[in-house]
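This report covers a chain-to-chain contact and a few loop residues. The sequence and structure come before the details.

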Amino acid sequence: MTAIVNIFLKDGVLDPQGKAIHHALDAMNFEGVEDVRMGKQIVLKLSTDNKEEAQKEVEQMAQEILANTVIEDYTIELL
Amino acid sequence: MKRIAILQFPGTNCDLDTKYAFEKLGCSTTIVWHKESKLPSNIDLVVVPGGFSYGDYLRAGAIAKFSPIMSAVKEFANGGGKVLGICNGFQILTEAGLLPGALKRNIGLHFISRFQTMKVVNNTNAFLQKCDKDEILNIPIAHADGNYYIDKEGFKELEANEQILLRYSDEKGEPVVVNGSITSIAGVCNKNKNVFGLMPHPERAIETILGSTDGIKMLKGLIA
């Protein structure tokens with residue numbers, strides 16, 4: 001089973017990298033971009049096929065190391 | 001003679017400067033490799049020095065917090081032992097939960113390396129006890145992720161408990177935006193005032209020939 005963890009800065013926490021990308025897009029005349037948030041994606045290959053078990057395990061990984069929950073939110077997708 | 005333990009992770013690069021600084025102030029120092037599970041006995045202070053532990057992979061300080069030595073550091077801190085984190089050391093201590101808040105990428109995205117003036121916000125703690133309140137210090141900074149963040153509630157608590165140590169300022173003491181930190185915060189301590197973290201490098205400001213000796217009074221506070 002594959003787990004995809006997407007990590008982004010929380011809403012309300014200023015994202016300097018997203019902002020810089022937004023500036024660049026503006027400078028390139030891409031119109032209509034209202035906001036840019038930059039995050040990271042971590043793809044995990046898991047030995048288990050049990051969705052519930054995987055969800056629990058990855059949740060713990062995200063809480064303890066993959067994300068810094070002081071400033072970041074995360075989503076977990078299991079495939 | 002005060003005994004200082006200086007941690008060394010893969011990628012730490014200010015360990016020897018820190019050793020030099022504390023030895024100049026008459027301390028004995030031991031460099032402790034991160035794989036150790038115990039700190040030397042009878043130490044007075046643990047310093048987590050600057051650098052790029054684990055190449056800043058994932059987030060600055062995120063991997064270092066799981067090094068074996070960090071359990072011993074937590075135990076030492078929870079027992080009231082003094083811990084100082086400088087630059088990457090500050091990032092590691094916030095990641096490890098020993099200090100509140102987090103450090104994000106600088107607002108301008110640049111790595112900033114230069115001398116910077118800053119104001120002493122509170123001196124009711126061991127670290128800044130030798131400095132005057134509102135004193136302006138000139139200390140080098142060198143970081144890409146020094147943009148201090150804490151939520152509103154946490155910030156209120158910091159202020160109420162006098163946990164804000166330093167703010168980047170101009171020479172008159174007016175706060176200046178350096179890296180995007182909330183209210184220009186450059187350093188904080190924990191509620192018990194035994195764990196300290198700051199982005200500036202006091203260990204690099206101890207020789208006149210290198211531009212400033214303002215770091216001496218900071219470090220002296222910890223070994224008084």
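## An exposed glycine in a loop

The model described here is predicted. B:Gly26 counts as exposed because it has 10 C-beta neighbours inside 10 Å, and a residue is exposed at 12 or fewer.

In sequence, B:Gly26 and B:Lys220 are 194 residues apart, while their C-alpha atoms are 10.0 Å apart in space.

## Two loop residues with positive phi

B:Asn42 is not a glycine, yet has a positive phi of about 55°. B:Asn42 belongs to the loop between β2 and β3 (45-48) of chain B. With 6 other C-beta atoms within 10 Å, B:Asn42 is exposed.

B:Asp56 is also not a glycine and has a positive phi of about 60°. The loop that holds B:Asp56 runs between β3 and α2 (68-78) of chain B.

## Contact between chains A and B

On the chain B side, 13 residues are in contact with nine residues of chain A. Two strands of chain B, β5 (102-104) and β8 (147-149), each supply at least two residues of the side that touches chain A. By residue class, that side of chain B divides into five nonpolar, four polar and four charged residues.

Key. Residues are numbered from 1 along each chain as its sequence is written. Chains are lettered from A and ligands numbered from 1 in the order in which they are written. This is a predicted model: local features need pLDDT of at least 70, side-chain atom pairs count only at pLDDT 80 or more; totals for chains, interfaces and linings use all residues. Two residues are in contact if their C-beta atoms, placed from the backbone, lie within 7 Å. Helices (H or I, at least four residues) and strands (E, at least two) are DSSP runs, numbered from the N terminus. Ala, Val, Leu, Ile, Met, Phe, Trp, Tyr, Cys and Pro count as nonpolar, Asp, Glu, Lys and Arg as charged, and the others, Gly among them, as polar. A residue is buried if 20 or more other C-beta atoms lie within 10 Å of its own, exposed if 12 or fewer, and partly exposed in between; C-beta atoms are placed from the backbone.
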